[in-house]
Amino acid sequence: MSDLVNVTMTVNGTEVSHSIAPRITLADFLRQTLELTGTHTGCEMGVCGACLVILDGRVVHSCLTFAVQASGAAIETVEGLSDRAVIADIQEAFHQRNALQCGFCTPGMLMTAHALLSQSGVPSREDIRDALSGNYCRCTGYEAIVDAIEKVARDRYAGANASAPEEVGA
Amino acid sequence: MSVLTPLDRPNSYIGRSVPRPNAKRLLAGRGRYVTDITLPRMLHVAYVRSPYAHARIVSIDATTAREMPGVRLVATGEDLAKLCAPWIGTMDHFKGMKSPPQLPLPIDKVVWSGQAVVAVVADTRALAEDAAEAVYIEFDELPAVVDIDAARAPDAPVISPELGSNLCFHGKIDTGGVEDVFAGAAHVVEEEFHFGRHTAVTMEPRAIIADYDASEGQLTVHHATQTPYQFQDIYARHYGLPESRVRVIAPDIGGSFGMKLHMYHEDMAVVGLSMMLGRPVKYVADRIESFVSDIHARDHRVRARMAADAEGNILAMDVEDVTGIGAFSAYPRTSVVEGNQVYRLMGAPYTFRNYRADLQVVFQNKVQMSQYRAVGHPVACTVTERLVDMIADKTAQDVFDIRSRNLIPDDAYPCTSPTGYQFEALSHHACLAKLKAMMDYDRLRAEQAELRTKGIHRGIGIATFVEITNPGPAFYGVGGARISSQDGAIIKITPSGDVHCSISVTELGQGTETIIGQIVAEHLGVDSNRIKVMTGDTDTTPHGGATYACRGAGIGGETALQAAKKLKANVLAVAAAILQDEPEKLDIHSGWIVDVATAQQRIELSEIARIAYFRSDTLPPGTQAQLSVAHHYAPQGYPFAFTNGVQACHLELDVETGLVKILKLWVVEDCGRVINPLLVDEQIRGGVVQGLGAAFFEECVYGDSGQLTNGSLADYLVPMAVEMPDIEIGHVETPTLDTQLGAKGVGEAGTAAASAAALNAMNDAMKPFGRTVAQVPMTPARILKALGHI
């Protein structure tokens with residue numbers, strides 16, 4: 001079809017190039033074209049957070065982003081973060097705390113948690129709940145998710161201090 | 001010497017917090033939901049929906065749509081009616097209930113706004129939606145029946161004229177003499193309650209792929225459902241296919257909560273479309289479609305009164321419930337079960353014996369209302385618990401004291417409720433005492449009094465509840481519905497000594513596969529990491545009830561337990577033959593056959609399996625090793641295993657804005673034997689939050705013409721992390737003696753009483769103003785109205 005456009009972007013570290021219809025959202029592009037089905041769509045209007053991905057370092061709703069808008073960008077999905085093992089401690093904390101049930105919201109939750117935990121300091125429970133305010137979960141009631149994120153924040157803080165002896169006891 | 005607990009035995013998994021092995025896949029983004037599945041040559045369907053709540057279909061013109069790019073089929077109600085036999089959502093044990101026949105797509109009229117009318121199948125969903133926009137349907141709008149009173153008026157338009165009225169079901173319960181009890185009572189309280197419609201809003205919308213292979217006459221359906229066997233039966237019967245040629249696979253399910261066990265028109269249509277095309281056809285509801293086609297829940301107006309003597313001893317309840325269910329009763333479980341449980345669960349925790357109730361289930365031009373998590377329970381609980389608080393007010397008693405006075409004593413079991421429910425053993429008083437201690441009740445009351453002097457208005461509300469779990473055939477089977485109350489399991493030992501269990505209860509994220517693995521591991525005597533549990537495929541698991549009404553742990557768990565014991569006996573028989581010993585003197589620990597007396601390891605399970613599978617020639621003559629077993633279990637004894645508990649809600653009300661801060665929830669719950677505390681507590685928390693959603697946020701708001709006015713996630717409010725409190729949970733364990741496992745259900749307990757506790761807390765907060773509220777959700781506007789500010 002003549003109205004296809006070419007998009008090239010880096011997804012999970014690999015450059016991809018496809019001819020797509022311009023109306024395809026980034027979410028559909030990731031899920032259907034690239035078969036990266038870890039990213040989910042729950043509302044397709046930017047409310048539920050199941051479709052969150054990282055675009056050039058920022059967490060964005062892939063359902064509100066056209067794939068063509070991501071042309072030239074670097075995208076990272078839950079599959080990429082898993083492969084790079086940068087969220088392994090978050091995933092482990094979610095697993096141990098049972099901070100997921102059906103798991104459909106979980107990739108989006110992990111994106112939000114990853115962004116929050118990439119900032120310095122230990123967020124309060126209120127900070128964590130506030131950060132999760134764009135992620136809808138129907139199963140858990142959220143407390144386990146807050147607990148898991150809080151645990152990783154504390155562990156990372158303790159680990160950072162342990163590896164920086166000059167700060168111990170400060 | 002230290003005291004050994006049951007958890008100190010080898011392979012003791014029951015009672016342990018074991019994380020879910022299958023959750024790791026979901027955490028890595030490797031879940032496989034129906035929405036993720038793509039099959040070769042798969043097509044996609046979009047539906048053209050009715051913009052009217054009630055209208056005659058005059059004509060359908062799809063000429064343009066059929067010519068559009070990628071379109072493979074445009075099908076109407078008449079096309080699908082040639083393949084699909086109609087269904088009627090009634091059950092025999094609801095005497096006199098009626099409901100009209102339903103078809104995948106309507107032929108001559110639409111009965112709710114959003115009803116699918118025409119199916120457009122194309123190469124992609126986007127192309128199907130493009131073509132759907134080009135389908136022209138001429139409607140002749142009819143008066144919409146929306147309000148439950150207007151629907152019952154003598155001159156009301158009748159939605160299904162062949163039924164004679166808009167009344168689906170009329171039920172009455174009367175223990176006799178209630179009027180006299182009220183006339184002679186020292187105290188009578190009464191209230192009119194309103195429970196809005198809300199809906200499941202599962203994260204994954206409904207999703208289905210039907211794949212009909214004409215060469216084999218084989219239908220395979222990948223279906224996001226909690227009850228695959230029920231749908232295997234339905235698809236086979238209504239499309240005239242042999243049951244053996246219908247396979248339903250339920251892979252990872254993105255939330256269900258009862259919503260995904262009903263027959264939906266679009267889903268039934270997808271099967272027919274695939275049969276017409278001979279290709280896989282996929283349908284995934286978008287969020288707006290979910291709001292207008294998923295079942296809604298509740299929708300009750302309850303007028304109720306309670307009588308008590310001068311001391312506050314409850315004497316009687318008198319209840320009238322009117323519930324709106326949409327234009328027909330849902331299939332195959334009917335839309336009467338909700339109201340039936342409302343009017344049978346009223347007052348269930350209490351000792352009073354006099355009860356009268358009237359239930360009217362009403363048709364209206366809205367989407368179907370049917371079973372959703374905690375079917376009927378929140379309504380019965382809220383009405384009862386609010387009236388109990390009103391009696392407490394009348395008699396100047398504390399909310400704990402009034403309940404202590406009236407709850408069935410913990411030593412009074414077995415006993416029967418005035419509505420006929422049989423209680424094996426409940427623990428209301430133990431739960432109440434535990435809750436009071438957990439929440440530091442006296443301190444909270446002192447703090448409340450002090451804060452009131454500063455203009456800060458906090459409320460404390462409690463609600464006791466019972467919950468129906470482990471249902472036997474009395475639930476559906478006796479009514480003629482082909483819905484099983486039994487489950488089946490096949491457990492086999494692999495040649496290397498691993499264990500494979502396929503079972504008919506299903507996994508929805510609540511942890512079914514985990515607890516089945518725990519039970520099998522413990523009762524077979526192997527490490528749980530050597531067990532694989534498979535669920536959700538009618539071709540590879542035995543037929544069973546699957547997951548509904550809190551039956552997975554209690555019934556599915558007992559099935560697994562008995563199957564594991566059967567398999568263990570088989571293993572020990574072979575082991576005894578090999579070891580030339582007696583089976584009774586052998587046991588299995590951690591995958592080793594051991595001496596019972598000494599625990600000394602004799603031979604490894606993997607070695608038994610190796611010999612049995614590859615060197616049967618070395619076994620004694622006549623030995624036929626049976627290292628796979630199939631076993632079924634159907635509940636007997638009590639018709640249901642009732643659980644019980646009590647919840648407390650602490651909130652702060654801003655009386656200027658009507659906004660509420662939910663400070664904390666406490667739950668003490670008795671679900672019998674706890675198999676996995678981690679999973680049980682998370683079931684309760686998730687359930688509580690769904691109850692709080694109903695209490696404060698969630699409502700499907702309809703306009704006068706039957707239009708849903710807030711059918712999107714931007715307009716329909718769901719509980720989010722920032723509004724939800726931490727929830728503290730305690731347990732009392734009263735195992736059911738009907739099973740060896742002793743487990744009852746727990747999935748609905750949180751939802752059953754959370755909104756009742758919240759409503760009581762809100763009324764407690766409003767007490768200084770002499771104002772009350774009896775409607776959920778308690779939106780800020782409704783609170784301000786109750787306070788007299790607007």
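With which residue does B:Lys454 form a salt bridge? The partner is B:Glu450, and the closest N and O atoms of the pair are 3.3 Å apart. The model is a predicted one, and every value in this report is to be read with that in mind.

**Salt bridges**

Over all chains, the structure holds 62 salt bridges. Four of them are listed here.

| Residue | Partner | N to O distance |
|---|---|---|
| B:Lys454 | B:Glu450 | 3.3 Å |
| B:Asp440 | B:Arg443 | 3.2 Å |
| B:Arg458 | B:Glu447 | 3.1 Å |
| B:Arg685 | A:Glu143 | 3.2 Å |

B:Arg458 counts as buried because its relative accessible area is 17%, under the limit of 20%. B:Glu447, at 23%, is partly exposed.

**The interface of chain A and chain B**

The contact draws 45 residues from chain A and 52 residues from chain B. About 4000 Å² is buried between the two chains, and carbon and sulfur atoms give 57% of this area. A:His95, A:Tyr136 and A:Arg138 supply 20% of the area that chain A buries against chain B, more than any other three residues.

Across this interface there are seven salt bridges and 27 residue pairs in polar contact. On the side of chain A that touches chain B, the elements that give two or more residues are α2 (78-84), α3 (88-97), α4 (106-117), α5 (125-131) and α6 (143-162) of chain A. The most comes from α3(A), with five residues. By type, the residues of this side divide into 17 nonpolar, 18 polar and ten charged.

A network of salt bridges includes residues of both chains, among them A:Arg97, A:Glu143, A:Arg154, B:Glu682, B:Arg685 and B:Asp726.

In soluble globular proteins, nonpolar side chains tend to be buried together. The largest nonpolar core in this model has 189 residues, and those with the most contacts inside it are A:Phe94 and B:Met778. Helix α19 (residues 749-766) of chain B provides the largest share of this core, namely twelve residues. Leaving out residues up to four places away in sequence, B:Met778 touches B:Ala695, B:Phe696, B:Ala758, B:Leu759, B:Met762, B:Val773 and B:Ile783. A second, separate core has 45 residues, including B:Val499, B:Cys501, B:Leu579 and B:Ile588.

B:Tyr264 lies in the loop between β11 (246-249) and α8 (265-277) of chain B. Is this residue, B:Tyr264, buried or exposed? B:Tyr264 counts as buried, because its relative accessibility is 1%. Beyond its neighbours within four places in sequence, B:Tyr264 is in contact with B:Arg206, B:Met259, B:Ser293, B:Asp294, B:Ile295 and B:Gln368. The side chain of B:Tyr264 reaches the backbone nitrogen of B:Ile295 at 3.1 Å. These two residues are 31 residues apart along the chain, and their C-alpha atoms are separated by 8.7 Å.

Conventions. Residues numbered from 1 in each chain as written. Chains lettered and ligands numbered in written order. Predicted model: local features only at pLDDT ≥ 70, side-chain atom pairs only at ≥ 80, totals over all residues. Heavy atoms only, no water. Core = buried A, V, L, I, M, F, W, Y, C linked by side-chain atoms within 4.5 Å. Buried < 20%, exposed > 50% of the residue type's maximum accessible area, 1.4 Å probe, protein only. Helix = DSSP H or I, 4+ residues; strand = E, 2+ residues; numbered from the N terminus. Contact = heavy atoms within 4.5 Å. Polar contact = N/O pair within 3.5 Å; in protein donor to acceptor, adjacent residues only side chain to side chain. Buried area = accessible area lost by both parts, 1.4 Å probe. Salt bridge = Lys/Arg side-chain N within 4 Å of Asp/Glu carboxyl O. Nonpolar A, V, L, I, M, F, W, Y, C, P; charged D, E, K, R; others polar.
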